[in-house]
Amino acid sequence: MKKDPVEVAKAAIEGLGGKENIASVTHCATRLRVGVKDESKVDAEMLKNIPGTAGYFVKSGQHQLILGTGFVNKVCDEVQGMTGMGEASVAAKLPQKWDFQAVTKIISDVFLPIIPILLATGIIMGIRGLLTSGFGLELDPTFNTILAVLTDTAYTFIPVLVCWSACSIFGGAPAIGLVLGLMLVSPSLPDKWSVVFGNAEALKLALGPIVINIQGYQSSVLPALFLGFFAAMLEKKLHEIIPDIVDLLLVPFLTLAISLLFGLLVVGPVLSLVEKLLTDIIMALINLPLGIGGIAYGGLIQI
């Protein structure tokens, strides 16, 4: 008989004294770990006899149910959703109607935890600019390098932050989003800006008559945002179809491999083409006579 994560989650919550008694919910590779507010409300005998569990014990103040690899993820998601401490499924994060307002809310949710980091580094960047340009100070090379690390890292590696946040928002494993973002800016790939300014060449991958340029995505937001969403969707689907016994190994591997290949071979090149087309259009309008280009851009760039 197939184990039902919803029924196990309901029984676990009841045995732990109800959702009002649950203080925290996490999991490791095989066990659901729950902190409770009132130990006297816990029914240990009920927890030991929940169908679908392989045991129950208390350790370091945590009530732990042994559920096995893969299955524990599903039960944890359900318990978090039922207790209001997380999302039971990705569907809870997706809007019922995809319109401009829904899309802007999703983007806002993704960037909300990132904005303070960007603000902090922006302040440091402003201080460095004030010291060098405003007061004309010549900084010690080592100190200047340290300041550059503080100011440039978050912006250069913003795909890591965006991919992590997007994957988390849509119900995926944050660690998968983090690693996927790091892969997008891997030093093994040609740096995006080095390719743009002609200091490096993109990797060439020939698929029959089609040649795909592959590069890193330093400072790029859109590819990371889309791939964070894609990875979360893919991970959830893989959890549904892959047997629990191999879930722990196969789901992260397949999620990362498929998402990265899709990002490098499809998402990145397509978005790069869109960016190039938009840039070409803007430059063409800028170079038009004032009668047309001036109308389109005069107020923006003061032709």
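Colleague: How many aromatic pairs does a search of the whole structure find?
Modeller: It finds five aromatic pairs. Keep in mind that this is a predicted model.
Colleague: OK, take F226 and F229. Are those rings stacked, edge-to-face or tilted?
Modeller: Tilted, because the planes of F226 and F229 sit at 55 degrees, and the cut-offs are under 30 degrees for stacked and over 60 for edge-to-face. The ring centres of F226 and F229 are 6.5 Å apart.
Colleague: Where do F226 and F229 lie?
Modeller: Both are in helix α10, three residues apart, which is about one turn of the helix.
Colleague: And how accessible are F226 and F229?
Modeller: F226 is partly exposed at 37% relative accessibility. F229 is partly exposed too, with a relative accessible area of 24%.
Colleague: What about F226 with F262, what's the geometry there?
Modeller: The centres of F226 and F262 are 6.2 Å apart with the planes at 40 degrees, so that pair is tilted. F226 is in helix α10 and F262 in helix α11, so the pair ties together parts 36 residues apart in sequence. F262 comes out partly exposed, at 26% relative accessibility.
Colleague: Which residues make up the aromatic cluster?
Modeller: F170, F226, F229, F230 and F262 form one cluster.
Colleague: Switching to charges. How many salt bridges does the structure hold?
Modeller: Six salt bridges. One of them joins the side chains of K74 and D244, at 3.2 Å from N to O. That pair links distant parts of the chain: K74 belongs to helix α3 (residues 71–83) and D244 to helix α11 (residues 244–286), 170 residues apart.
Colleague: What does R128 do with D152?
Modeller: Their side chains meet in a salt bridge, 3.9 Å from N to O. R128 is in helix α5 (residues 115–134) and D152 in helix α6 (residues 141–156), so the pair ties together parts 24 residues apart in sequence. D152 is partly exposed, with a relative accessible area of 32%.
Colleague: And E240, what is its salt-bridge partner?
Modeller: That's K237, with the closest N and O atoms 3.4 Å apart. E240 and K237 are three residues apart in helix α10 (residues 222–241), separated by about one helical turn.
Colleague: Is E240 buried or exposed?
Modeller: Exposed, because its relative accessible area is 53% and the cut-off for exposed is over 50%. K237 counts as partly exposed, at 46%.
Colleague: Last one: where does K3 lie relative to F71?
Modeller: Over the face of F71, at 4.4 Å from the ring centre.

Note on methods:
Residues numbered from 1 in each chain as written. Predicted model: local features only at pLDDT ≥ 70, side-chain atom pairs only at ≥ 80, totals over all residues. Heavy atoms only, no water. Salt bridge = Lys/Arg side-chain N within 4 Å of Asp/Glu carboxyl O. Helix = DSSP H or I, 4+ residues; strand = E, 2+ residues; numbered from the N terminus. Buried < 20%, exposed > 50% of the residue type's maximum accessible area, 1.4 Å probe, protein only. Phe/Tyr/Trp six-rings, centres within 6.5 Å; stacked < 30°, edge-to-face > 60°. Lys NZ or Arg CZ within 6 Å of the ring centre and 35° of its normal.
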